[in-house]
Amino acid sequence: MNMRISAGEFTERSLQIIRDLKHLEGPMLPILHAIQAEFGYVPEEVKPVIASELNLSRAEVHGVVTFYHEFRDHPAGRHVLKLCRAEACQSMGSDRIADRARQLLGIDFHQTTLDGSVTLEAVYCLGLCACAPAAMLDGEVYGRVDEHCLGDIVAGLSR
């Protein structure tokens with residue numbers, strides 16, 4: 001989700017999200033997920049707001065955002081292609097699939113194509129270990145992905 005929004009709007013919308021969720025036990029992750037759902041990523045401007053509202057340091061918020069691969073610090077492309085990098089998928093050839101994806105898209109993990117169409121992300125389990133290697137495109141999972149299947153998936157992104 002790419003959108004133009006001012007820093008003031010980030011703060012105002014984030015404060016509402018934080019106040020709606022800060023009563024939860026361990027509210028940081030639900031707040032970060034809600035903010036990413038709202039903006040498509042966790043804007044840098046929001047980290048001090050979260051820290052202030054949760055009585056934490058900005059370093060603590062930054063540490064959580066950067067620890068989890070699920071959180072982005074910039075907007076994603078129109079499509080998000082996630083490739084599983086966990087052990088089961090690696091044992092079934094996910095390294096070769098990742099190399100092919102990077103080659104086809106011309107980007108590395110955590111990058112977006114220049115036209116903004118695709119963001120490539122690594123994930124560490126899609127729950128399809130029996131069907132490894134696995135991928136997910138815009139929330140739809142694919143099992144037993146091979147180079148041919150990946151080529152079809154990537155070709156479909158430009159249609």
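## Packing of helices H1 and H3

In this predicted model, helix H1 (residues 7-21) and helix H3 (residues 47-54) have axes that come within 10 Å and cross at roughly 35°. The crossing of H1 past H3 is right-handed. On the H1 side, the residues in contact are Thr-11, Leu-15, Ile-18 and Arg-19, and they meet Val-49, Ile-50 and Glu-53 of H3. Sorted by class, this contact comprises 4 nonpolar, 1 polar and 2 charged residues.

## Overall architecture

The chain contains 7 helices and 5 strands. Their order along the sequence is α-α-α-α-β-α-α-β-β-β-β-α. Taken along the principal axes, the C-alpha atoms fill a box of roughly 50 × 30 × 25 Å.

Of the 159 residues in the chain, 43% are buried. Among contacts with a separation of 6 or more, 61% are between residues 24 or more positions apart.

## The largest pocket

The largest pocket has a volume of about 190 Å³. Its lining consists of Val-65, Thr-66, Tyr-68, His-69, Phe-71, Arg-72, Asp-73, His-74, His-110, Thr-119 and Glu-121. Helix H4 (58-67) and strand S3 (118-123) are the elements that give two or more residues to this lining.

By class, the pocket lining holds 3 nonpolar, 5 polar and 3 charged residues. The charged residues Arg-72, Asp-73 and Glu-121 are in the lining, as are the histidines His-69, His-74 and His-110.

## The largest cavity

Applying a threshold of 30 Å³ or more, the count comes to 1 cavity. About 30 Å³ of space lies in the largest cavity. The residues that line the largest cavity are Cys-84, Ala-86, Cys-89, Cys-125, Leu-126, Gly-127, Leu-128, Cys-129 and Ala-134. The class composition of this lining is 8 nonpolar and 1 polar, with no charged residues. Cysteines in the lining include Cys-84, Cys-89, Cys-125 and Cys-129.

## Backbone features in loops

Arg-144 is located in the loop between strand S5 (140-142) and helix H7 (147-157). With a relative accessibility of 57%, Arg-144 counts as exposed, because the cut-off for that class is over 50%.

A further backbone feature is the cis peptide bond from Ala-132 to Pro-133, for which omega is near -5°. Pro-133 belongs to the loop between S3 and strand S4 (135-137).

How values were computed
Residues are numbered from 1 along each chain as its sequence is written. This is a predicted model: local features need pLDDT of at least 70, side-chain atom pairs count only at pLDDT 80 or more; totals for chains, interfaces and linings use all residues. Side-chain values use heavy atoms; hydrogens and water are left out. On a 1 Å grid over the protein atoms alone, a cavity is a set of points where a 1.4 Å probe fits but cannot get out, and a pocket is an open set with protein on both sides within 12 Å along at least five of seven lines; lining residues have an atom within 4 Å of a point. Grid points are joined across faces, edges and corners, and a volume is the space filled by probe spheres set on the points. Helices (H or I, at least four residues) and strands (E, at least two) are DSSP runs, numbered from the N terminus. Ala, Val, Leu, Ile, Met, Phe, Trp, Tyr, Cys and Pro count as nonpolar, Asp, Glu, Lys and Arg as charged, and the others, Gly among them, as polar. Buried means under 20% relative accessible area, exposed over 50%, partly exposed in between (1.4 Å probe, protein chains only). Axes are lines fitted to C-alpha atoms, for helices over the stretch in contact, and angles run from 0 to 180 degrees between N-to-C directions. A crossing is left-handed if the near helix is turned anticlockwise from the far one by less than a right angle, and right-handed if clockwise. Contact means heavy atoms within 4.5 Å.
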